[in-house]
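This report examines selected features of one protein model. Please consult the sequence and the structure below while reading.

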Amino acid sequence: MTLRQVIKTISADLEIEGDGAVVRKSITKIDHGLLDPFVSLVGFSGFESVTYMLQGGIKYQDFNGHKITIHEGDVQWMTAGKGIIHSEMPEEEVSNGLQLWINLPSTNKMIDPKALELSSSEIQRAEEDGVEVKVIAGESMGVQSPFYTNTPIMFLDFTLKPRAQTHQAVPVSWTAFAYVIDGDEGLFSSSDSSTVQAHSVVVFGKGDGVSVLNTSSSRPLRFLLIAGEPIGEPVVQYGPFVMNTQAEIDMTIEDYRNAKNGFERAKSWRSD
């Protein structure tokens with residue numbers, strides 16, 4: 001196995017967004033080409049999103065009539081496709097989660113929107129030698145996720161006990177990064193002895209595997225390992241719209257304003 005080395009680390013800073021929501025934005029600050037097919041990680045037309053609740057819950061509803069509460073440990077996979085209007089409101093006073101935006105290839109940007117959920121109890125898990133993994137997408141430690149994704153990715157939630165280490169195979173051509181949820185003593189590179197702070201994104205270089213060591217003698221380390229097959233197309237983003245050209249963005253905005261081409265329900269729909 002050729003281990004990937006860390007090529008960039010970025011801190012996810014707190015920001016105020018929308019109706020006073022406090023979020024941490026991270027990979028939006030990195031060039032899209034570096035992390036293709038991923039567009040954004042924050043804790044909508046032309047992309048897919050994965051919402052993963054870490055604490056509390058959110059109430060989701062959209063103009064297709066889909067309504068559900070996503071609880072702690074649950075996952076929602078939402079494909080915006082040609083367009084969807086939705087609302088997400090916290091169910092409890094304290095609700096923490098992560099939302100990953102994944103680009104769609106140009107051939108899939110106008111597919112019908114949909115939202116699917118996987119409850120915490122349905123997520124496949126494996127545990128061995130002080131390492132626990134929840135397999136949200138992809139495969140790890142002999143466990144396969146039931147989720148199909150339009151853009152091939154892996155989305156793994158690792159918890160390492162003190163002094164534990166994990167090795168994860170990653171297709172050599174894929175983009176890969178980690179997001180540290182909890183713990184400040186994780187070692188993500190064999191060539192660099194620097195540990196990584198919580199709420200940081202670690203971008204990996206080329207290779208067919210990732211190795212992570214929890215150097216702490218007392219605290220667990222929790223992180224997401226995310227990887228995906230690059231699409232290799234230009235990315236133009238305007239708010240929740242992710243397309244390939246500015247002309248396509250302009251057309252999507254016009255469709256939204258005129259309630260057509262996928263946004264027919266946009267003018268009349270109101271969330272509860």
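## The largest cavity

Glu48, Trp77, Thr79, Lys114, Leu116, Phe147, Tyr148, Thr149 and Asn150 line the largest cavity. A cavity is a set of points, on a 1 Å grid over the protein atoms alone, where a 1.4 Å probe fits but cannot get out, and lining residues have an atom within 4 Å of a point. Two or more lining residues come from each of the strands β8 (75-79) and β11 (114-118); strands are DSSP runs of E with at least two residues, and helices are runs of H or I with at least four, numbered from the N terminus.

## Basis of the model

The model is predicted: local features need pLDDT of at least 70 and side-chain atom pairs count only at pLDDT 80 or more, while totals for chains, interfaces and linings use all residues. Residues are numbered from 1 along each chain as its sequence is written, and side-chain values use heavy atoms, with hydrogens and water left out.

## Helix α1

Helix α1 comprises residues 246-257. Its buried residues (under 20% relative accessible area, with exposed meaning over 50% and partly exposed in between; 1.4 Å probe, protein chains only) are Ile249, Thr252, Ile253 and Asp255. Seen down the axis of α1, these buried residues fall within an arc of 160° (taken from the directions from the helix axis to the C-beta atoms), so they line one face of the helix. Ala247, Met251 and Arg257 are exposed on the other side of α1.

Just after α1, Ala259 has a positive phi of about 50°.

## Thr166

Thr166 lies in strand β17 (residues 165-169). Thr166 counts as buried because its relative accessibility is 6%.

Definitions and conventions. The expected span of a helix is 1.5 Å times one less than its number of residues. On a 1 Å grid over the protein atoms alone, a cavity is a set of points where a 1.4 Å probe fits but cannot get out, and a pocket is an open set with protein on both sides within 12 Å along at least five of seven lines; lining residues have an atom within 4 Å of a point.
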